[in-house]
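Please open the model in your viewer and keep the sequence panel beside it. The stops below tell you what to select next and what you will find there.

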Amino acid sequence: MHFELAGKKTRLLAIAVTVFIIIFVAVNRSLYLDPELEIEYGRLLLVLSMLGGVAAGLLIAVKPGVDEKHKKLVNTVMFLIMPIFSMQMVECFNGNFVWNFSVKTGIANYMIYLVFYLICYLITGKYHLTGLIINIFLYVWSLINYFVELFRGTPFVPMDILSVKTGLSVSDGYTYSLSWNIILGTIVFLMVYLFNRRIQNIKPERIKSKVVLRCSAAGYLAVVLLSFFFTDFSTNTGYKPDFWNQSRGYHNTGSFFNFCLNTKYLVVGKPSGYDASRAAEYVDETLEDYGVDPDSDTSTNLLTGENDYTASGETPNIIYIMNESFADLGQLGDLETNEDYMPFIHSLTENTVKGYLSMPVFGAGTSNSEFEALTGNSMTFLPAGCNVYQSYIKREIPSLVSTLQTLGYSRTAYHPYYGTGWNRESVYSLMGFEDFISLEDFVSQSTLDTYQQNGDVEEYEALLAQEHPGEDILLRRFVSDAYDYQMVEEMYENRDASRPFFIFNVTMQNHGGYGVSYRNFEQDIHITNLSGFYPQAERYLSLVKESDAAFESLVEYFSNVDEPTMICMFGDHFPSVEDEFYEEMLGSSLDELTVEQEQKRYATPFVIWANYDIQEAEVDTISANYLSTLLAQTAGLPLTQYQKYLSVLYQSLPVIDLVGYIDSDGEYYESGAETPYDDLLHQYNCIEYNALLDKTDRDDSLFYLQE
């Protein structure tokens with residue numbers, strides 16, 4: 001092999017590219033020297049980025065020459081080296097470098113990247129075109145993964161593809177800014193592109209050679225893909241998704257590699273040994289083991305553990321509120337602020353059951369929280385990153401709503417945002433709701449179209465003021481909790497008074513992102529005891545204070561209502577604010593959290609309040625799959641067999657979520673680890689599968705009240 005200089009114009013282009021990259025990196029050097037990075041590491045990244053500019057210039061200016069004798073070999077070797085460069089490009093966006101991987105992890109990543117190269121090669125038959133297509137795809141994927149993790153705190157997983165429409169509908173509230181990851185990743189992408197241009201397409205002259213080459217590629221693909229998807233080989237060698245902390249898994253063993261690992265879990269298979277006829281047996285056995293007669297009207301009081309719960313015969317009005325991104329950041333550790341950001345809820349005790357509810361998602365994925373809180377099912381047994389509303393609810397599904405339907409309640413779902421999000425329009429009907437009221441029902445389509453086209457919040461407010469004179473609807477760019485609850489009150493006043501009233505309200509006020517200031521929102525809360533500066537966390541806490549005040553007004557309104565009414569309000573997940581805030585609060589890197597520390601980031605406040613006498617309690621540990629049962633018991637409603645089962649299951653495992661499990665003795669178990677409760681969890685999995693996914697043999701007697 002020998003090297004030749006390109007022509008004069010090309011050399012001038014090479015110099016221009018090099019100078020531009022070096023100057024651009026130098027101008028943005030503050031991104032590399034950010035205090036969040038170790039100073040020496042930041043300097044290393046800065047030097048590497050500048051050297052990338054030099055390397056790009058050399059790849060433009062210098063042309064390798066290969067004699068005919070070695071042309072096939074050299075170009076084939078270059079083609080096989082390309083996946084390593086692609087891997088590094090992807091990992092730049094992940095803040096990682098291939099030399100940080102172990103040899104085994106590096107090889108595992110390389111094998112997956114090579115799969116995509118060979119698939120594309122079998123289609124195109126060309127080295128150069130393959131490299132171009134694959135690296136453009138990987139660059140776009142890396143950008144998507146980078147921004148998804150930046151905005152919600154968890155990486156891009158395969159199931160996110162199905163929720164892209166919902167994600168785009170809220171994306172304009174986030175801030176998009178340059179970072180060293182984007183700069184370095186783009187420089188490496190340019191280098192990969194230029195390297196790929198030097199690869200010449202090799203076409204075997206003999207039919208035999210063509211067959212051998214394509215058969216070799218196909219054989220490799222068959223071995224890797226069959227081992228990957230149809231055996232436990234990858235799991236047995238230590239490679240499976242980090243379901244507890246996907247961000248950690250992406251960082252430790254490769255981002256695109258982990259994305260591919262997650263695809264193996266897209267399809268929900270039947271639990272091992274599943275038999276539809278045994279679902280009822282599992283329920284009866286569990287009840288009997290706890291001393292409950294499956295055929296009696298008496299069941300276990302979820303909170304006391306006593307087998308003395310019976311329905312009161314009353315049907316109070318029920319207002320069930322899932323508050324968007326509502327969390328108590330102070331429960332993570334020592335947090336001091338200039339004033340209490342949740343004074344009403346912190347002080348609420350009379351006729352109140354409250355505590356912290358372990359949720360199935362962090363930072364995003366609202367509808368999965370809805371799913372658990374409405375059905376009693378758990379996300380634990382479903383693929384990581386999936387969205388139940390979009391993937392698995394295609395027929396009528398039993399839920400708290402269907403129970404209330406049998407009891408004669410009116411049933412309204414209300415969400416002050418676009419009705420198409422998370423496929424709610426279809427799913428709510430299948431759950432048993434009679435009505436679904438969304439943003440489109442009280443804001444004209446022309447106003448929404450105008451806002452969607454230009455994203456101007458001030459113009460949006462002005463248009464809303466014309467439609468709703470004298471009413472303050474927005475806080476930031478979303479419907480405020482105050483206005484949301486005002487609409488709930490109006491719906492109550494206009495209800496069908498012949499039936500008990502039920503509404504499920506998903507709020508919108510606190511939705512991310514928190515990096516943008518708005519003229520219609522004043523930030524009142526400031527952190528006073530942490531060493532770091534966390535503007536997003538402070539802005540978020542100020543929003544929580546607004547939510548607290550709005551909830552106080554709602555409670556005050558129903559305190560003056562004569563009809564027995566119960567309000568249950570809970571947060572759907574923690575917000576995606578600065579990682580450094582969470583690390584300082586928890587005293588640990590997010591990649592090194594214990595199960596107990598990680599569980600704290602999934603526990604949001606919940607409150608059940610009534611305008612009449614109810615038993616008061618504080619609940620430290622409960623997961624969202626139990627909430628509808630707790631609400632039904634607090635309201636004195638009759639229970640389905642499934643709810644009776646859940647009230648007993650709670651006595652052994654009060655928390656079942658994606659992080660893991662907490663048992664009644666306060667022991668923590670990581671998701672996927674062996675526990676003394678594996679048989680119990682397997683039975684729960686089978687019962688849930690029967691309720692949600694068994695298309696032909698669901699035992700409706702377990703999940704619906706008998707008329």
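A crossing of two helices is called left-handed if the near helix is turned anticlockwise from the far one by less than a right angle, and right-handed if clockwise. Helices (H or I, at least four residues) and strands (E, at least two) are DSSP runs, numbered from the N terminus. This is a predicted model, in which local features need pLDDT of at least 70 and side-chain atom pairs count only at pLDDT 80 or more, while totals for chains, interfaces and linings use all residues. Residues are numbered from 1 along each chain as its sequence is written, and side-chain values use heavy atoms, with hydrogens and water left out.

**First stop: a pair of helices**

Select residues 278–289, which form helix H12, together with residues 641–652, which form helix H25. Two packed helices are described by the angle between their axes and the distance between the axes. Here the angle is about 45° and the axes are 9 Å apart, which makes H12 oblique to H25. Angles under 35 degrees count as roughly parallel, over 145 as roughly antiparallel, 65 to 115 as roughly perpendicular and the rest as oblique. H12 passes H25 in a left-handed crossing. Which residues of H12 and H25 meet? From H12 come Tyr282, Val283, Asp284, Thr286 and Leu287, and from H25 come Gln641, Lys644, Tyr645 and Val648, where contact means heavy atoms within 4.5 Å. Sorted by class, the contact of H12 with H25 has five nonpolar, two polar and two charged residues; Ala, Val, Leu, Ile, Met, Phe, Trp, Tyr, Cys and Pro count as nonpolar, Asp, Glu, Lys and Arg as charged, and the others, Gly among them, as polar.

**Second stop: a covered helix**

Now select helix H14, residues 366–375, and colour Glu370 within the helix. H14 is mostly covered, since ten of its ten residues are buried; buried means under 20% relative accessible area, exposed over 50%, and partly exposed in between (1.4 Å probe, protein chains only). Glu370 itself has a relative accessible area of 0%. Its side chain makes a polar contact of 2.6 Å with the side chain of Arg424. A polar contact is a pair of N or O atoms within 3.5 Å; within protein, one must be able to donate a hydrogen and the other to accept it, and residues adjacent in sequence count only if both atoms are side-chain atoms. Not counting residues up to four places away in sequence, Glu370 touches Met322, Tyr389, Arg424, Tyr428, Phe504 and Val506. At the end of the selection, H14 is followed by Gly376, whose phi is positive, near 85°.

**Last stop: a threonine and its partners**

Finally, select Thr105 in helix H4, residues 103–124, which is buried with a relative accessible area of 7%. Polar contacts join the side chain of Thr105 to that of Ser102 at 3.0 Å and to that of Tyr239 at 2.8 Å. Leaving aside neighbours within four places in sequence, Thr105 is in contact with Tyr239, Asn252 and Thr253. Thr253 is one of the buried residues in helix H10.

Conventions:
Axes fitted to C-alpha atoms, helices over the stretch in contact; angles between N-to-C directions.
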